[in-house]
Structures are given as structure tokens and as C-alpha cells.
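Dear colleague,

I am handing over the structure below for your records.

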Amino acid sequence: MGTNSEGIKYYSKLKQNKYLEERREFLIEGIHLIEECLRSKYYRDKISRIFIRSDFPKENIRDNFRKAEIKILKAADFKKLSETESSQGIIGAVEMQNEFPNHRDNIICALERINDPGNLGTIMRTCRWFGIESIMISRDSADIYNSKVIRASQGALFNLNIKSGLNLIEELELLHGKGYEIILTDLTAVEALDTHKFQKGKKYAIVFGNEASGLSQEIKSVQFFKKIKIEGYSDCESLNVASSAAIVLYEVKKHTV
């Protein structure tokens with residue numbers, strides 16, 4: 001990578017979304033995220049470089065990162081890579097996962113145009129909590145490797161089988177052909193979540209839509225997709241999509257395990 005300053009300049013650009021796809025790498029910061037990455041079956045061999053601030057404890061570093069190049073940086077140089085106010089002093093450069101296995105789980109979470117990185121990361125974390133490993137994400141959603149998404153996911157990203165940039169309606173129609181019941185979360189639905197009969201052994205794809213406008217009319221117009229809603233108890237206009245995902249996925253898992 002040339003001199004230290006050239007390397008820092010190269011990797012500091014990964015803090016900007018426009019360079020992520022071009023370079024197929026992203027940064028993760030802090031001990032927790034790096035430990036989650038090391039435990040991941042999808043990303044444990046993808047850490048290519050570790051940047052350590054000069055005051056970071058260096059015991060056993062080489063044992064943990066046998067395949068990664070380790071760079072020790074002065075505080076001023078490390079700060080150029082860091083995105084946190086009180087950094088722990090360790091950052092990893094991780095190669096993107098190019099191939100995930102085909103989804104075969106009984107429950108799949110599908111997301112259409114989730115634009116807010118915090119919401120996307122929180123939904124990932126929720127899926128991880130409920131043991132839902134398969135996620136499908138449409139085009140025009142936040143980038144899964146955005147640093148805010150990764151932080152909000154608390155490392156859940158590394159343990160999920162995520163397919164993104166999809167034509168979601170086509171993917172959902174394919175799943176329906178494979179025996180999945182497609183459940184759309186929609187405020188205009190007639191059926192309430194707590195009255196829908198989820199069954200053990202049955203396959204479901206649960207679909208959540210955009211924060212502001214919900215699901216597209218194109219998806220909602222497919223006749224064999226079913227719609228449910230979460231009943232509200234006030235005149236509040238809507239529920240945050242990440243909160244909705246937590247409620248719905250809890251109900252689905254409760255009745256299917």
C-alpha cells in the first residue's frame with residue numbers, strides 16, 4: 001500500500017459511502033465489532049488489516065489476527081480513520097462478502113426501501129436476537145456496510161445471510177413459488193397481527209416497508225401476498241419500522257418454534 005500516509009489516506013476514504021462499493025472493503029471500529037467479526041462464519045477470514053493506536057494493549061494481537069496485516073499508528077494518524085468520539089484504539093478493514101448461500105430458512109425477513117441506517121442496523125440486530133438469519137433487502141435501501149448500519153446492528157451484520165440490492169417483488173414471487181407465505185406489514189390491512197395463525201413448520205417471508213411511505217403499491221397489489229397490521233391504541237399516525245419489526249418477528253417466532 002506504499003507509505004503509511006498513503007495507506008491512511010486510502011482507508012480513510014472508506015468512511016464515505018461512495019468508496020465502499022468501489023473498493024469492496026469497509027471499516028469496523030472497537031473491540032466488540034471486531035470480536036463479532038472474528039466469530040462470524042461469513043466474515044472471520046475477511047479481516048485484511050488491523051490498525052492499532054500506539055497506546056492500545058498489544059498482548060496476543062498477533063495470535064488473534066494471523067491473516068491480517070497489523071499497523072500501529074500514532075494517535076493523530078489513527079484519528080483520521082476513527083469515527084467515534086472516544087475510540088478504544090482498534091479498527092479493522094474487512095473485505096465485503098461476495099457470495100452468500102441461498103436462503104433456505106423457514107423465516108425470512110424482507111425489507112423494501114429502508115433508508116435510515118439506524119433502522120436498518122436495528123432490524124438486523126432484532127433478526128439476530130430472534131434467530132432469523134436470512135434477510136432480503138431491496139434496491140434503494142441504505143448500504144448494509146454503512147458504518148452507522150454496522151454500529152446499530154451491534155455486529156449482527158456478521159452473523160446474517162443478507163442479500164441486498166434486489167428486485168424484491170421478483171424475489172418474493174420466487175419464494176411464494178417455493179411454498180413461502182408472503183406476509184406484508186401494512187397499516188391499511190384488515191387482519192391484525194394477533195389474529196393471524198402462524199404455524200410450526202410453515203415457511204414465511206415477512207416484509208417491512210419504507211419509514212415514510214410503507215410498502216410500494218407494486219408489492220401491495222400482488223393478490224396472493226397477505227397483509228397484516230399491528231393494532232394501535234391511540235391516534236398516533238404510525239410506528240417506527242424497527243419497532244414494528246421487533247413486534248412482528250416476536251409473534252412469528254413465538255408461534256413457529
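**Findings**

Methionine 136 stands opposite lysine 163, a residue of strand E7. Please note that the model is a predicted one. Strand E6, residues 134-138, and strand E7, residues 161-166, run parallel and are joined by four bridges. Between E6 and E7 the chain passes through helix H7, residues 147-153, in a right-handed β-α-β crossover.

A further part of the model concerns an open sheet. Its four strands follow the order E1-E4-E2-E3, with mixed pairing. Strand E1 (25-29) and strand E3 (69-73) are at the edges; each has a single partner strand, so one side of each is left without a neighbour in the sheet. On average, neighbouring strands of this sheet are turned by 20 degrees against each other, direction ignored.

Within this sheet, five bridges link E1 to strand E4, residues 90-95, in the antiparallel sense. Isoleucine 28 has glycine 92 in E4 as its bridge partner. Helix H3, residues 31-39, packs on the sheet and touches E1, strand E2 (47-53) and E4. The direction of H3 makes about 35 degrees with that of E4.

Glutamate 251 belongs to helix H10, which covers residues 241-256. Is glutamate 251 buried or exposed? Its relative accessibility is 15%, and the cut-off for buried is under 20%, so glutamate 251 counts as buried. Leaving aside residues up to four places away in sequence, glutamate 251 touches Leu193 and Phe198.

With kind regards

Terms used: Residues numbered from 1 in each chain as written. Predicted model: local features only at pLDDT ≥ 70, side-chain atom pairs only at ≥ 80, totals over all residues. Heavy atoms only, no water. Pairing = 2+ DSSP bridges. Helix = DSSP H or I, 4+ residues; strand = E, 2+ residues; numbered from the N terminus. Right-handed = clockwise from strand over helix to strand, strands pointing away. Axes fitted to C-alpha atoms, helices over the stretch in contact; angles between N-to-C directions. Contact = heavy atoms within 4.5 Å. Buried < 20%, exposed > 50% of the residue type's maximum accessible area, 1.4 Å probe, protein only.
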